[in-house]
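Have the model open in your viewer before you read on.

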Amino acid sequence: MRIDVVTIFPGYLAPLREALLGRAIEAGLVELGVHDLRDWTHDVHQAVDDSPYGGGPGMVMRPQVWGEALDAVLGDAPARLVVPTPAGRPFTQATAQAWAGEERLVFACGRYEGIDQRVVDAYAQRMPVDEVSIGDYVLVGGEVAVLVMVEAVVRLLPGVLGNPVSAQEDSFSDGLLEGPAYTRPVSWRGLDVPDVLRSGNHAAIARWRRDRALERTAARRPDLLDALPDHALDRTDRAF
Ligand SMILES: COc1cc(COC(=O)c2cn[nH]c2)cc(-c2cccnc2)c1
């Protein structure tokens, strides 16, 4: 997979070259290109924004600069263009799974009040363009959202995670939140590991873990429970 990111703060994307993702890049599992939007400005001030038509607070990013940058970065190779924005469709594990199959992702990091809508509209005429949100809050720019999405996608690529099974058994893969996890010591600050986890009774352990996951999901994310298909919950599950 090739990933390109266009931003006015290339340094914000440096963490992508650290740790697990950095190793995936070194191993050639992922190619990463980070591009400074200002390289495509031609004025002495390197202006990337301008006042919004119709008035209102803040500034809007100029279409011409984005158009020259994206044309240069995209070239002729097909890609999916992703624009992180509070106004986007929710980015979920399903989105990450879907994008993990893409040959190429190009991320456009918006700042100010956003990017002139014609940039999305123009590129949507010739490629898939996704305006996506990583959550219901407003960031100053899309760079942090790109870090989140790239990590969620790249960890799913074959060869990136040490034990690939965990990508399948991810949180949300059965539609529930992960329950609590424990490791040694068996007693810590007066708190003990639940006996069932040390019982060796794998059926009981699986039941206990599912009960904890259902309990936590009902308490923290009832919306996920409501979204579960009927067949996903058996009779015992319905107690929650
Ligand atoms: C491309 O347009 C953008 C992008 C971003 C950065 O992304 C997020 O904030 C985000 C992404 N998922 N969740 C939040 C911020 C704005 C913005 C809008 C209004 C006021 N201030 C800033 C516009």
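## A buried aspartate

Buried means under 20% relative accessible area, exposed means over 50%, and partly exposed is in between, with a 1.4 Å probe and protein chains only. Aspartate 4 counts as buried because its relative accessible area is 1%. You'll find aspartate 4 in strand S1, residues 2-7; strands here are DSSP runs of E with at least two residues, helices are runs of H or I with at least four, and both are numbered from the N terminus.

Before going further, some ground rules: this is a predicted model, where local features need pLDDT of at least 70, side-chain atom pairs count only at pLDDT 80 or more, and totals for chains, interfaces and linings use all residues. Residues are numbered from 1 along each chain as its sequence is written, and side-chain values use heavy atoms, with hydrogens and water left out.

So what does the side chain of aspartate 4 make a polar contact with? One partner is the side chain of arginine 104, at 2.9 Å. Another is the side chain of histidine 35, at 2.7 Å. A polar contact is a pair of N or O atoms within 3.5 Å; within protein, one must be able to donate a hydrogen and the other to accept it, and residues adjacent in sequence count only if both atoms are side-chain atoms. Setting aside residues up to four places away in sequence, aspartate 4 touches Gly33, His35, Val73, Arg104, Leu105, Val106 and Phe107, where contact means heavy atoms within 4.5 Å.

## Around the ligand

There are 16 residues around the ligand, and those that come nearest are Tyr112, Ile134, Gly135, Tyr137 and Leu139. To be near, a residue needs one of its heavy atoms within 4 Å. Strand S5 (residues 80-90) gives the most to this shell, with four residues. Sorted by class, the shell has eight nonpolar, seven polar and one charged residues. For that sorting, Ala, Val, Leu, Ile, Met, Phe, Trp, Tyr, Cys and Pro count as nonpolar, Asp, Glu, Lys and Arg as charged, and the others, Gly among them, as polar.

Now for the nitrogen atoms of the ligand. A backbone N or O atom of isoleucine 134 sits 2.9 Å from a ligand nitrogen. A polar backbone atom of glycine 135 is 3.1 Å from a ligand nitrogen. With serine 133, a polar side-chain atom lies 3.4 Å from a nitrogen of the ligand. On its own the ligand has 520 Å² of accessible area, and the protein covers 86% of that; the areas come from the Shrake-Rupley method with a 1.4 Å probe, and for residues only the protein chains shown count as cover.

## Rings in a row

How many aromatic pairs does a search of the whole structure find? The search gives four. One of them is phenylalanine 91 with tryptophan 99, a tilted pair at 5.4 Å centre to centre with 50 degrees between the planes. Tryptophan 99 also pairs with phenylalanine 107, this time edge-to-face, at 6.3 Å centre to centre and 65 degrees between the planes. Rings of Phe, Tyr and Trp (its six-membered ring) pair if their centres lie within 6.5 Å; planes under 30 degrees apart count as stacked, over 60 as edge-to-face and the rest as tilted.

These ring pairs link Phe91, Trp99 and Phe107 into a cluster. Phenylalanine 91 counts as buried at 14% relative accessibility, and tryptophan 99 does so at 3%. Phenylalanine 107 is buried as well.

Most residues other than glycine have a negative phi, and most peptide bonds are trans. Alanine 19 has a positive phi of about 50 degrees although it is not a glycine. Alanine 19 is in helix H1, residues 19-26, and counts as exposed because its relative accessibility is 53%. Tyrosine 112 also has a positive phi, near 60 degrees. Look for tyrosine 112 in the loop between strand S6 (104-108) and helix H4 (117-124); at 37% relative accessibility, this tyrosine is partly exposed.

Then there's the cis peptide bond joining arginine 184 and proline 185, with omega about 5 degrees. Proline 185 is in the loop between helix H6 (165-168) and strand S8 (187-188).
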